[in-house]
Structures are given as C-alpha cells and as structure tokens.
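Hi everyone, thanks for coming along.

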Amino acid sequence: MARDMSDKEILKMELEQLKKEVNTARTPVGPNCADTIAFVEGLLPNDPLIKGVSDDKNPYKGDKGGCIVT
Amino acid sequence: MCDQTFMAATFGPCDSCGKTGPLMNIYIKNEPVNYCSFCVEVMAYRGLQKGETLETLRQESDTLKKKLEEERGKLNDVELHQVAEKIEVVGALSIKTRRVLKGHGNKVLCMDWCKDKRRLVSSSQDGKVIVWDGFTLNKENGVSLPCTWVMACAYAPSGCAVALGDGLDNKCSVIPLSLDKNENLATKKKSVAMHTNYVSGCTFTSSDMQILTSSGDGSCALWDVESGQLLQSFHGHTADVLSLDLSPSETGNTFVSGGCDKKSCVWDMRSGQNIQTFENHESDINCVKYYPSGDAFASASDDATCRLYDLRADREVAIYQKDSIIFGASSVDFSLSGRLLFAGYNDYSINVWDVLKVTRVSILFGHENRISRVCVSPDGTALCSASWDHTLRIWA
C-alpha cells in the first residue's frame, strides 16, 4: 500500500513502471481520432439524448398525472 | 583526514573494526554502539551515498518521464478537434429535469443504474441505501446501515444485488435484493472486501461473482464475492485512489483508476500489472470513465478540467475546460454514442461537452449543491445526477 512505503520505495516503484512504459506500442493520434469519429457517427442516430425521443415513447416525458381543478 | 578531537568516555575494542582505542558512543537505528573515530567517518560517508541514491533515483525518474513525453509527442500528428472540424455540430439539446428523487436525509454520495434501465440504487451520508424505480419514483427497497459514509454503490449485472463501499469500516459488502418489502435487508449484508482505508469505489465485473474495489489506501483489488477471497491486488498509485471503471469491451480485461496522486492508470485484471499511466492533471482525479468504444477514457479533476485519453495513441487528446469554470469536476459519463460528455461540477451545475469538437454544448442547472455523481442509463435514454442537496435528478 502506498501509505506504508518509504519515499525511496515509492520512487523505485515509479521508476520500474516508467521503464516499462517507455517501450509500450503506440499508434499515431490521427488514425485513432478518425476511428473514434467513425464510431460516434455510427451510433449517433440512435443516441436518445442527442436525437431526442418522441413523447409517447419516452417513459420519462409522460404526464406525471396532473390535477384537474373543478 | 584528521581525526576530530573528542571526549572519549569509553576505551576498548571498536564494535566495527575491532581495533582498540578511544571510542565514540553513538546510536545507529536507536541501538547504542561504540565506534572508533575512523569507523564513524566511514559510516558518515556511506550515509551520504544513501542520500545520493535517492537523488539519482529522482533524476532517473525525471529523465524517463521526459523520454516518455517525447515518445508520446512523436505520434501527436493532429489534434482531435481538428479531425472533427468537418462533422456536423450537435443540435440544441432538449434535456430537462424529468424526475426529482427525494427521500434521502443527507448528501447523496453515489448512484448506479440497473441493467434493466429503469431501476437505480443510491447511497447517502445518512447511512441509507435506496433502490428506486426511475419511471414511477417508487422506492423499491431501502436499507439503513449503521455506518454513515457509504461512498460507493454498484448494481449487480443480474439486478439481484447491490455492492456498497464503506468509508468508515473500510469494507465493501454485498446485499442481495428481495421482492419482499418487509424483509430487513441489513441483516443479509455480506462483507466481501477488506481494505486498510476507506473504500472509494466499487463495481461488479461481468458477473455477480467478482467485485473490483478502489481504496484510500492507494490500492485497487479484485475479490470473489462468495468466499471473500482476494483474487488480485493492484499497486502503483502513490496516494488515495478515488475512482475506477471497468472496460466495456467484452474481450477487454482491463480497468482504469484515478486518484489523489493526479495519475490515472490502466490495469490488466489478470496479471495485476499497470499497463499505462497518465499524469496530466494538476490536481486530484475524482472520476474516471471508459469511452463506449473501450479505446479511450475520460477523467474529471479538482483542477476544473476533464480530459480525454486515447489508449492506442497512449496520450491525452483533449482537454475540456473553460476560463469561466473554476470549480472542480466530480464526475463524468458519456452518452450512448460517445458524442456527449456529461460532467458534474462543484458549482452545482452539469456541463455537457461535445467530445469530438471539444466545445461546451449545454449546461444543466437544477441542483442546489455539489454534484457527486452523474451516470447515463444503460440504454442512453436518461442521465441521472446525484447531489449533496439530498436529491437525485433524472434528465431526459
């Protein structure tokens, strides 16, 4: 646990981790962003919060029971 | 080097080299020893070397961090919002408060949706955990717990149980839900996880059988619900871990965590290894959430920004911030398509960001105190927000 470790041990742990991470496989940002955009565009028409849902289908938009004053 | 002149109270064989001579009475790690002056000098020199090691470690760490930044920078060929320039702007949103869930007597600290898309569980500082029906506002189950700090709650995938993370007794427990309203559910509470500090987050994995927890003791852990056994522990954070989220992809066995050390880490659940670390925030990370595609995640921090990290590019790709937003962000969630990012802030509002264009689309007002959690329903039809004003709101 981090709280029980001395500064030296924490630094050693971080150093070990950094050594591993410098060598991780990475791909350029451009294609990844394009992928993300394609993913979003694919799902966008079905996103209820963006496209909205017609009142009769949306369980939350229903009339919560109004009062009729006579 | 010349010997120092000193008052020799003892004369005899040195504890270190054995030579007979005047000895200095010194303490090493609270143990009294008698060393001759030469050995004292040698020891002082070695002590210095130990100090240098700490320094060299730090320097090595800094050089590696710079190298990591360079490697990541090489692949930063274009910005996310530049690639997104050509896509259509999101139209005006018609999101409003549709339900206000009242019933808690104190700050609502956490909530989670059930997979049936209508029920949700919420936990509060008054020690109560309530299961609501979101459509009818019916309170289906209520549990009163002796502890007053249920910081985390999660619905089981089957919908038959809830997990609760305790801030005071440092445990994560599972309570099976029953249809019988008269049953006292608190008696059926079963302790699963044991940490040495508060449990800040908990979630079920793909089944009801395993729970992942994050804790103020700086670690995350995977537990077997039935036996309470620790299956895997994850060490790497250097301060309290405040949040975690499981990868949505079916093949993925990873989760992301964020904490007070300003770092967010991606972990492999099977090996316990820390795969990637990101240190861009300037303050505590309050919440982390995976992107619906599983290839990215967002984090919300006390530095008033939310950031998006792409896991394949291994870097931060967007910062959602505005000069007018100065309060910390406490929670984030994505809409179904991943186009919108809902972020709850300590200034009582929820900002809706366009993830791709990196602009703010809308602000949702209504709560009268800090937002502690925002969560989009499993089918994306509604957003639920929990707040310190004792209520939850459902927006659709």
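Let's begin with a question: what share of the contacts in chain B with a separation of 6 or more comes from residues 24 or more positions apart? It is 42%, where a contact means heavy atoms within 4.5 Å.

A quick word on what you are looking at. This is a predicted model, in which local features need pLDDT of at least 70 and side-chain atom pairs count only at pLDDT 80 or more, while totals for chains, interfaces and linings use all residues. Residues are numbered from 1 along each chain as its sequence is written, chains are lettered from A and ligands numbered from 1 in the order in which they are written, and side-chain values use heavy atoms, with hydrogens and water left out.

Reading from the N terminus, the order of elements in chain A is α-α-α. Chain A has 70 residues, and 36% of them count as buried. Buried means under 20% relative accessible area, exposed means over 50%, and partly exposed lies in between, using a 1.4 Å probe and protein chains only.

Now to chain B, where we find two helices and 31 strands. Its C-alpha trace spans about 90 × 55 × 40 Å along the principal axes. Of its 396 residues, 53% are buried. Chain B exposes about 17,500 Å², and carbon and sulfur atoms account for 50% of that. As for charges, chain B has 41 positive and 49 negative ones, and their mean positions lie 5 Å apart. Lys and Arg count as positive, Asp and Glu as negative, with His and the chain ends not counted; each charge is placed at NZ of Lys, CZ of Arg, CG of Asp or CD of Glu.

Let's zoom in on strand β10 of chain B, residues 161-166. How many of its six residues are buried? Six of the six are, so to speak, under cover. B:Ala161, B:Ala163 and B:Gly165 point one way from the strand, and B:Val162, B:Leu164 and B:Asp166 point the other way. On one hand, β10(B) pairs in the antiparallel sense with β9(B), residues 150-155, over five bridges; two strands pair if DSSP finds at least two bridges between them. Here B:Ala152 sits opposite B:Gly165. Five residues lie between these two strands in their hairpin, and B:Gly159 takes a positive phi near 85°. β10(B) is also joined by five bridges to β11(B), residues 171-176, again antiparallel. In that pairing B:Val162 faces B:Ile175. The hairpin of β10(B) and β11(B) has four residues between the strands, with B:Asn170 at a positive phi near 60°.

Next comes strand β19 of chain B, residues 264-268. Four of its five residues are buried, so the strand is largely enclosed by the rest of the structure. Antiparallel to it runs β18(B), residues 254-259, with five bridges between the two, and B:Val256 is opposite B:Val266. Their hairpin has four residues between the strands, and B:Lys262 in the turn has a positive phi of about 65°. Four bridges then join β19(B) to the antiparallel β20(B), residues 274-278, where B:Thr277 is the bridge partner of B:Cys265. In this hairpin there are five residues between the strands, and B:Gly272 in the turn has a positive phi of about 80°.

One last stop: an open sheet of four strands in chain B, ordered β25-β26-β27-β28 with antiparallel pairing. Why is one side of β25 and of β28 left without a neighbour in the sheet? Because β25 (329-334) and β28 (359-364) stand at the edges, each with a single partner strand. For β25(B) that pairing with β26(B), residues 340-345, has five bridges, and B:Val332 stands opposite B:Ala343.

That's my tour, thank you!

Conventions: Accessible areas come from the Shrake-Rupley method with a 1.4 Å probe; for residues, only the protein chains shown count as cover.
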